Amino acid sequence: MEKTATRIDWIGDSCRLLKATAAEFERTRPFEGLAIGTGIHLEPKTVALLMTLRAGGARLVCTGNLNSTQPSTVEFLRSEGITVFATQTTDPAAHHQSLEAVMAEKPDLLLDNGGDLFAIAADKPYANLRGGTEETTSGRTRLLPLRERLAMPILVINDSPIKQFAENRHAVGQSLFESYLRFTNRSTNGKRVTVFGYGACGKGTAACFRNAFSTVSVVDIDPVTTLEAHLDGFATPLREVAIGSADILVTVTGFAGIVTAADLPLLKDGVILMNGGHFPQEIDVGAFRCHPDITGIDRYEADHIETFHLSDGRSFHVLGGGHMANLAGPRSLGNTVESMDLGFTLQARCLERVASGEAGPNSCVVPVPGDLDAMVANAYLELAR
């Protein structure tokens, strides 16, 4: 008998590690009687994680991140009886209202992405919050100064070696490269590509473009990291040269203000700018839009591309409004299923650890415990053999 299946079905069936974890959680019920508040990209792979948590007995209260909420995912979650406060928006104020709505439910555990929920918890603490997880480098940077105020276990998924190599290096590199092709339908052969940031995401991004026959330069503020890029065979010119020579410029640093209006005189005519960092602040698109040297903007609405025209005749292009390019655009696919299956299983296991009370307040904004890394790695390898 034939049935019409959806992308959510395809992703759910492909997340073999989460399916096995969900089957275990149905027996052990680690989240029985607990509410989990989530602030994470709402797209089909997230559904597989949320269904796993619900299998463990959790009541879920969810919102998304800026610009990455997919309406079909929200519709599915609501059809499953899950509370979702989220719209597909690029408006920080509207997004913050959704975050506040989640926190008004006073969830027992938080699954955060970028530190949005825990930042609210630091300002408005409540008694039953046990702790939770933070997904990103950007979130860790944001939460570290708040540790004394938070004083609860917060396990940072991005500090797991599994997350670093499986998702950040391999999957982010692949998905940003794929997103460039999807947005532009342009070649990479012979193009000069500048990658800002040579952490795990930058390493993967630089490698994917080089493997696609681009000439790749790397810029990083850390001289030791820059030396590593040099010894890995990438050009490491000074920042101004790296910007001025680029046909494609990619930011993957986790910090704001990487390419700003002050850099407009340096941009090569026709350069394409794209961001892979969590927050839409690495490329200051807002400053571009109101800069006096910008004489016009062409918006290719269906393709999520903006072309900025400068008074001296040059132009440059921005993909996805400066939001995460692999989760922006007309068909945003994000990272690969296998990488998110690993990362989301780490999320589920870390939340299980916090719910059990085994992680104490001294585990505030710390890496995933090594035994959980080993557990998830072994489980993945068993399925892959």
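The C-alpha centres of domain 1 and domain 2 lie 29 Å apart in this predicted model. The domain assignment of the protein chain, automatic or taken from a database, places residues 7–152 and 336–384 in domain 1 and residues 164–327 in domain 2. Local features need pLDDT of at least 70 and side-chain atom pairs count only at pLDDT 80 or more, while totals for chains, interfaces and linings use all residues. Residues are numbered from 1 along each chain as its sequence is written, and side-chain values use heavy atoms, with hydrogens and water left out.

**Domain interface**

- The contact (heavy atoms within 4.5 Å) draws 20 residues from domain 1 and 13 residues from domain 2.
- About 1,200 Å² is buried between domain 1 and domain 2, with 62% of that area given by carbon and sulfur atoms; buried area is the accessible area, taken with a 1.4 Å probe, that two parts lose on being put together, summed over both.
- Zero salt bridges are found across this interface, a salt bridge being a side-chain nitrogen of Lys or Arg within 4 Å of a carboxyl oxygen of Asp or Glu.
- One residue pair, both at pLDDT 80 or more, is in polar contact across the interface of domain 1 and domain 2; the term denotes a pair of N or O atoms within 3.5 Å, where within protein one must be able to donate a hydrogen and the other to accept it, and residues adjacent in sequence count only if both atoms are side-chain atoms.
- On the side of domain 1 that touches domain 2, the elements giving two or more residues are α7 (137–143) and α14 (337–356), and α14 gives the most, with four residues; helices (H or I, at least four residues) and strands (E, at least two) are DSSP runs numbered from the N terminus.

**Strand pairing**

- Seven strands make up an open, parallel sheet in the order β3-β2-β1-β4-β5-β6-β14, where two strands pair if DSSP finds at least two bridges between them.
- β3 (83–84) and β14 (364–367) stand at the edges with a single partner strand each, so one side of each is left without a neighbour in the sheet.
- β6 (residues 154–156) pairs with β14 in the parallel sense over three bridges, and Val-156 stands opposite Pro-367 in β14.
- β11 (residues 294–300) and β12 (residues 305–310) run antiparallel and are joined by six bridges, with Tyr-300 having Ile-305 in β12 as its bridge partner.
- β11 and β12 form a hairpin with four residues between them, and His-304 in the turn has a positive phi of about 60°.

**Salt bridges**

- The count comes to 23 salt bridges by this rule.
- One of them joins the side chains of Glu-306 and Arg-289 at 2.8 Å, N to O, linking distant parts of the chain, with Glu-306 in strand β12 and Arg-289 in helix α13 (residues 285–289), 17 residues apart.
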